[in-house]
Amino acid sequence: MSKRKVAVIGLGSMGKRRIRLINQYDSTISIVGIDSNISRRNEIEEQYRIHTYATIEEAISNQTMTAIFVCTSPISHKDIIIEALSFGLNVFTEINLLNDYYDQVIHLAKEKGLLLYLSSTFLKRREIQYLIKEIKNDSNVSYQYHVGQYLPDWHPWEDYRDFFVSDLRTNGCREIMAIEFPWLIEAFGNVTNFTIEKHKYSTLEIGYPDSYSILFRHETGIQGTININIISRQAKRDLIVIGENLQVEWGGNPNSLSRWNNREKKMDKVNLYKDSDIDKNDSYSTTIIENAYFEEVHEFFECLDNGKLPGYTFQKDKKIIDLINMIEG
């Protein structure tokens, strides 16, 4: 692999993760950091011994880079991605919650021959890949799925009113949908119809519903319900896929996947991970699987080096966010 230099913009928790994983992937890749917050830059410079800058323009004027990892809040992605592409940088971006600029950046990337790579980490989870394979073998199923976590616990180091989930445009329920819908649709098929109930039950200082109940009908004939909330005091992911010949249950963490054994009439645990796959650096969630984030970094550089096409694209995500827009109304 040729020597290259990349930038990571947004030096919070996700930016730190991407720096760590880029180093793990190839320690010869040179990394610079970008963040307007001087204390974050000082921390990163001390921890990772890399140069940091306040803006992309400042970094570009001092360094020759080939790519940028966008790890800022989703509401800022539009301007950053457009600026990065304009400077001739290939782009890796964390999930986007808005798609009003997608046609513009897809066209700009194609015009300049640059890569647009969009994170969808759950598609790299081994439990999800296992489930997708099982559903392809037997689609005579239905499913029930609950996802919830108390919003103030998402970033315990800061007030929930001070980061992007407090904004209606990038709200907490919307982020859950953007995380979950890509793999749900990959597993069960495109959504052809849905019904929805939504409500605000909590005293949280937010201007949007904190709970959604959605019934999906998929093009495969599969029907499922997903309940999303940001008020569950215990962080929960509970999935059950039910069919005459297939039953799979998953509790959201590496040790909670099980499948019905018809011969022995019991649920058997399905082991897909080693201890080393679990992110020991994450102190607030037991469901963070480090290898899934690493696989995205690996795929991004494979796309750059070998012309491989990303597994998840802006074109696919445009349809996902269109669906979310319809659900939110």
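Student: Which residues line the largest cavity?

Tutor: This is a predicted model, in which local features need pLDDT of at least 70 and side-chain atom pairs count only at pLDDT 80 or more, while totals for chains, interfaces and linings use all residues. Residues are numbered from 1 along each chain as its sequence is written, and side-chain values use heavy atoms, with hydrogens and water left out. A cavity is a set of points, on a 1 Å grid over the protein atoms alone, where a 1.4 Å probe fits but cannot get out, and lining residues have an atom within 4 Å of a point. The lining of the largest cavity consists of Ile95, Asn96, Leu118, Ser119, Ala178, Pro182, Tyr312 and Asp317.

Student: What volume does the largest cavity have?

Tutor: Grid points are joined across faces, edges and corners, and a volume is the space filled by probe spheres set on the points. The count comes to one cavity of 30 Å³ or more. The volume of the largest cavity is about 30 Å³.

Student: Which element gives the most residues to the lining of the second largest pocket?

Tutor: Of its 25 lining residues, Pro182, Ile185, Glu186, Tyr312 and Lys316 are the closest to the centre. Elements giving two or more residues include α7 (172-188), α8 (290-306) and α9 (314-328), where helices (H or I, at least four residues) are DSSP runs numbered from the N terminus. With six residues, the most is given by α9.

Student: At what angle do the axes of α1 and α8 cross?

Tutor: Axes are lines fitted to C-alpha atoms, for helices over the stretch in contact (heavy atoms within 4.5 Å), and angles run from 0 to 180 degrees between N-to-C directions. The axes of α1 (residues 13-25) and α8 come within 10 Å and cross at roughly 65°.

Student: What radius of gyration does the protein chain have?

Tutor: The radius is taken over C-alpha atoms, and the globule rule is 2.2 Å times the number of residues to the power 0.38. For 329 residues, a compact globule would have a value near 20 Å, which agrees with that of the protein chain, 20 Å.

Methods: 1 Å grid on protein atoms, 1.4 Å probe; cavity = no way out; pocket = protein on both sides within 12 Å on 5 of 7 lines; lining within 4 Å.
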